[in-house]
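Subject: Structure handover

Hello,

Here is the structure I said I would pass on. Please look through it first; my notes follow below.

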Amino acid sequence: MKKQFILLFVLILGCTGVFAQDSLKTKTLDSVLVVSKQEDVQQRTSVSKLTAKDIQSINVLSVGEAVKFLGGTMVKDYGGLGGVKTVSVRGLSANHTAILYDGVSLFDNQSGQVDLSKYSISSVSNILMANGNFTPTLPTATSLASASSLSIETRKPSLGMLSTKGTFSISYGSFNTANSNLFLAHRFSSKDILSTYLDMSNSDGRYPYVLKYGSGQNFQTEELMRENNDLFSTHAELNWFHDFNKNNTLKLKAYYYYSNRGLPASVTLYYQNSKQRLYNENAFLQATYTSYISDKLIYKNNAKFDWNFTEYLDPHYFNGMGGVDDRYTQRLLYDNNAVSFQHKENLFFTLTNDIYHTSLYAPTTIDAEPERLASLTALVMDWNIAKHFYISANALHSFYLDQYIGGDKSKNHFSPFVSLFYKRGNYTASLFFKDIFRMPTFNEMYYRQMGDRNLKPEKTKQISLTNTYEFSYRDFFFSTELSLYHNDVKDKIVAIPRNVFLWSMLNYGMVEIYGMDLKCGVKADFQPFVLSLKLNYSYQHAEDVEESSLTYGQLLPYMPENLVSAIFSMDYKNFNFGFTGMFVDKRYSLQENTEQNILKAYADCGANISYSQMFKKINYKFTLDIKNIFDVQYEVVRAYPMMGRNFSLKAEINF
Amino acid sequence: MKKRIFNLSKFLSLLLLVGVIISCEDPEEKREKGFADNYENVNGFYVMCEGLMGQNNSAIDFFCTGSNSIITDYFSKANNLGLGETANDMIKVGNTFWTVVTGSAAVTVMNSNGVLEKIITITNAQGVNRQPRHLVHKDGYVYVSCFDGNVVKISTSSKKVVATLSTQGRNPEGLAIANNKLYVANSGGLSYPNYDNSVSVIDLSTFSVDTLISVRINPTTVKSYGDNVYVLSMGDYSGLPMLAHIRNNELVDSVYIKMTDFDIDQSLGLIYYFYVDYADSKSFGLSTLECSNIRSASTLLMKDRPEGMLMPYHVNVMEDGLIAVTDAKNYTTSGEVFFFTSAGEKMFSFKTSVNPNKVIKKRSESLANN
């Protein structure tokens, strides 16, 4: 069967190649018009965005830190630079969010959750978050197969002939946290651009925290240091942008990541001494080929090969073998083909298929050696049905075949998506319905002693209504967005962390989530001041509605009811001032809503000031940053204290 | 300005006065004035609850028999200190209660009123948690089995570790004393699937290992009755558990038996046990078995779980013959303790903290006295 997998794969890749070559020969008319029309029709879902400017105001090192400010997101953060960070959206677990890196999904079939602390922000130009469907011109089927999508877009500079652009920066801050990164882009010919990133971070992560010996008010406290929380990570990336001609483009990406970190383990009363380590290596090759075959037909292919190695060490585990040494190797072969066709002036169809094969080799913990073959196919229709009215709908078919030592399991599923969109002047309204499911992960199904092969997929039904309105008043530009949503989850699989790396799986039955996201933006330009403020408020109520559950009617763990985030920036001449604020309401660390399980509400504010100066065509920039200004002691995850007040200094040159 | 200084000095002198008054009090007496003081003359049961890993929510609850009320997390309320991470066993030594807290590397001693007396740290020379699991006591010493392969000997008077001995097996769990010998089950539970299968016999007069007795793999619970020792092996959880009967360094008998946990009624010489069949959510089978012959027919006291019991977890035989069965529910929410008469009739139940394990009566007087 393994051979059959490979054969099928080669076949599909082969077909793709043929198709691509054919399209190369096609001389087409200017298709730019078509693209813009398609984008006009297809950008129908509300998309939250962190722009380069926002990212600068937030001034963090990893994508995981930045995503906290998107609004409607909850980032589970284990603290420190090396602490695992995963994002959950609108009360759904992290497994429901697809993470795209330059248009192609990042896969982690072992845990199903992508650790966003692995992705350095230095190479990122935009971060987009879409509820419902993320619809770029030609979406991949995997991005349509998730409740929400987070898209990380790296920088692609516009370059003149034979010109070079680059950025180099170094920063140093509290707890011996150092980062340096380099970005270089060069146009070799009218058709070729090469760009590269090099990024390196190091932190000893020793930060002070206050351990409280219980939840009561008069309980004793002790000042301690977070130990074994160090991180060294490096990330290198090479991108090649090649334009065969105006209508045929190719993007190639080679990506490598290495990290070696201490896992400080959860804080335990009376005893701290973790020597756990996590070592991770990830490499992938990714190719995106786009062809405007005719003014009505666009074709895209995304292909990827991904290799991911993780090793978890715990010398203090008394297994008679000198401790734990668990190794996990994941491999992925992925291919996406998408065609978009304009049937009439106001009607577009897109057919997209993803096929991938993924395997996990982890002899010490998952002896079943699972492999998964998946094929996801979606037919998308975008129809401008009447003036101001648009309908977008798709039917997604998913097929999964799991093979493991001792058996196999397959799954077929049809998932519908419908959205209605109304746009008039500066006002838009969109309503979508989405029925989607997520497959249980390899950990959930095959983990030794813990996994359950009969685990059912987790099904979600989403209904969401979004209104946006934009207007200008004098020198001010306002944008507002109000979303109301309702999510139903059936057969929910809940992960409760036992330590950073191990989770215990629970089938939670049924969950009902309803909530509201309110986003306001103000921009004001009265020279020499340029001001920008983004305010997000989210209310979410995620409740256990399984009648037989012991915690029926109670709130889900790690789902706060109120979330507020704010980004403010002010430019004045050569100065830029950035401020961020965040408030997260109380939440529970276990399903039972008892006082003992409460994690306190917290507010975290940061600020930075930077000065930039051009000198001989080089822009120099210096940034002074302070995080957690009020030195608030808080935990996002139970027994994982976060950093108190900390500082950093950054120097950057742009040329 | 002058006035302010005057006020300050007045304030300081007042402070001084208060300080003198406080220091005049007996420090012992002062410490007793607190939450626990209200329960000085209240009888009832202490319930040691494990809590859930990573949550630091181990607890000792107190059930007042007079008022039929439960004070969850009594220990931390009495001491303004949490018990710690994953408590695993509790015993009564004279008028004190000793608890092992595995994740916190601690043996915690509290007086009969729940007031903390001492936290004894159980780490090795490198400062690594030995992971204490169970304890027993005899003649002024408490013996603690530790997952790192050792038994730690603690003096009850000095409350200090006086000796450490390797059991010559892996991951010691349950232990019991009979005939001045310590029997320790080496479970090997952390090296799944390569379990250990030995019981170490330690001579308490020399504190050295006499011999190792082979039983079925994964021995966990050990209890004694007179000169007899009973060891329950869970195997690899796929087949039936096995109960072994040991006397004077010899394996007397062993039987495959549907048994999840057991305890012994020392006055009757009866083993009380139950069995959880994971495929049958009703299975309970609270039964008794003669200590003298583990092959004899057992007596079924109660076939199905009483209403409200979801996951029978541990059985405790009280000094006065009452049977307390703890209910772990779904292991993440509040638990419950069910009391039965020695004939297996349900008496009452009460809610507890997460994962109740051990139930011990606060004082030895019978329930009727309160």
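Helices (H or I, at least four residues) and strands (E, at least two) are DSSP runs, numbered from the N terminus, and two strands pair if DSSP finds at least two bridges between them. This is a predicted model, in which local features need pLDDT of at least 70 and side-chain atom pairs count only at pLDDT 80 or more, while totals for chains, interfaces and linings use all residues. Residues are numbered from 1 along each chain as its sequence is written, and chains are lettered from A and ligands numbered from 1 in the order in which they are written.

In the hairpin of β19(A) and β20(A), two residues lie between the strands, and A:His388 has a positive phi near 75 degrees. The strands themselves, β19 (residues 371–386) and β20 (residues 389–404) of chain A, are antiparallel and share 14 bridges. Within this pairing, A:Ser375 has A:Phe399 as its bridge partner in β20(A).

β20(A) also runs antiparallel to β21 (residues 407–424) of chain A, with 16 bridges joining them. Here A:Leu396 is opposite A:Ser415 in β21(A). The hairpin of β20(A) and β21(A) again has two residues between the strands, and A:Gly406 takes a positive phi near 105 degrees.

Chain B, overall and in one sheet

Chain B has three helices and 28 strands. Of its 370 residues, 47% count as buried, that is, with 20 or more other C-beta atoms within 10 Å of their own, the C-beta atoms being placed from the backbone.

One open sheet of chain B has four strands in the order β12-β13-β14-β15, paired antiparallel. β12 (172–178) and β15 (208–214) of chain B are at the edges with a single partner strand each, so one side of each has no neighbour in the sheet. On average, neighbouring strands of this sheet are turned by 25 degrees against each other, direction ignored; the axes are lines fitted to C-alpha atoms. β12(B) pairs with β13 (residues 181–186) of chain B in the antiparallel sense over five bridges, and B:Ala176 is opposite B:Tyr183 in β13(B).

Where the chains meet

Counting residues as in contact if their C-beta atoms, placed from the backbone, lie within 7 Å, 37 residues of chain B touch 32 residues of chain A. The chain B side consists of ten nonpolar, 21 polar and six charged residues, where Ala, Val, Leu, Ile, Met, Phe, Trp, Tyr, Cys and Pro count as nonpolar, Asp, Glu, Lys and Arg as charged, and the others, Gly among them, as polar.

Regards

Terms used:
Contact = placed C-beta atoms within 7 Å. Axes fitted to C-alpha atoms, helices over the stretch in contact; angles between N-to-C directions. Buried ≥ 20, exposed ≤ 12 C-beta atoms within 10 Å, placed from the backbone.
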